[in-house]
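This report describes the predicted model shown below. It covers strand pairing, helix packing, salt bridges and the surface.

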Amino acid sequence: MGKKDPLPPGATRIEGTDGTITFDGRNVTITHTWLSNAGRGEAQIPLGAVAGVNVKNGMVLAAVTVVVAGGGTPRKGKDPFTVNGCTKQDAAAFRDLLVTAIATPEASGLVEQLQKLAALHTQGMLTAEEFGIAKAKLLGTSTPEDDVPQPW
């Protein structure tokens with residue numbers, strides 16, 4: 001895909017076979033190697049408009065879809081919110097990072113953030129374990145993994 005620009009401090013990038021997704025703490029930028037009619041292959045989405053992240057694992061690689069509040073999926077053609085061909089490990093780590101960023105209370109109240117997490121869980125975008133971990137982080141409580149006795 002050619003030479004990549006260096007990332008600013010605190011930013012992260014996931015690369016796939018047909019594009020990249022970059023998160024800088026405020027915006028998610030999706031850049032494709034193919035050109036789409038709407039956006040010339042790049043979309044920048046403010047964090048507040050991100051409703052979640054969907055990871056679809058294949059046999060070897062994964063597809064990462066950024067779910068945009070109020071946004072639909074194109075009826076035909078390539079999905080401008082999806083990058084295919086990411087490693088499963090990178091896809092899971094990126095999803096966890098973005099879900100945590102979405103759930104971090106800033107201007108919104110705690111109840112609204114909990115409702116967002118519950119909606120992600122109900123829609124199947126978070127497993128019960130992921131939901132529990134994100135909820136515990138949000139509430140500042142321990143998770144079941146934290147309660148496991150550690151060997152000396």
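## Sheets and strands

Three strands in the order E5-E6-E7 form an open sheet with antiparallel pairing. From one strand to the next, the twist averages 25°. Strands here are DSSP runs of E with at least two residues, helices are runs of H or I with at least four residues, and both are numbered from the N terminus. Two strands count as paired if DSSP finds at least two bridges between them.

The model is predicted: local features need pLDDT of at least 70, side-chain atom pairs count only at pLDDT 80 or more, and totals for chains, interfaces and linings use all residues. Residues are numbered from 1 along each chain as its sequence is written, and side-chain values use heavy atoms, with hydrogens and water left out.

Four bridges join E6 and E7 in the antiparallel sense. Opposite Leu61 stands Thr87 in E7. Helix H1 lies across E5, E6 and E7 and runs at about 165° to E5. For such angles, axes are lines fitted to C-alpha atoms, for helices over the stretch in contact, and the angles run from 0 to 180 degrees between N-to-C directions. Contact means heavy atoms within 4.5 Å.

Strand E3 (residues 27-32) and E4 run antiparallel and are joined by five bridges. Thr29 has Gln44 in E4 as its bridge partner. In a regular strand the side chains alternate between the two faces of the sheet. Buried means under 20% relative accessible area, exposed means over 50%, and partly exposed lies in between (1.4 Å probe, protein chains only).

## Salt bridges

The structure holds two salt bridges, each defined as a side-chain nitrogen of Lys or Arg within 4 Å of a carboxyl oxygen of Asp or Glu. They are listed here.

| Pair | N to O distance |
|---|---|
| Arg95 and Asp96 | 3.4 Å |
| Arg95 and Glu130 | 2.6 Å |

Arg95 lies in helix H1 (residues 88-103) and Glu130 in helix H3 (residues 128-139), so this pair ties together parts that are 35 residues apart in sequence. Arg95, Asp96 and Glu130 are linked in a network of salt bridges. Arg95 is buried at a relative accessible area of 13%, and Glu130 is buried at 18%. Asp96 is partly exposed, at 38%.

## Surface and overall composition

Met59, Val60 and Leu61 make a nonpolar surface patch of about 360 Å². Patches consist of residues with over 30% relative accessible area and no salt bridge, with like charges joined within 9 Å and nonpolar side chains (Val, Leu, Ile, Met, Phe, Trp, Tyr) within 5 Å. Val60 sits in the loop between strand E5 (50-57) and strand E6 (61-68). With a relative accessible area of 64%, Val60 is exposed.

The protein chain has three helices and seven strands, in the order β-β-β-β-β-β-β-α-α-α from the N terminus on. Of its 152 residues, 36% count as buried. The chain exposes about 9500 Å², with carbon and sulfur atoms supplying 54% of that area. Accessible areas come from the Shrake-Rupley method with a 1.4 Å probe; for residues, only the protein chains shown count as cover.
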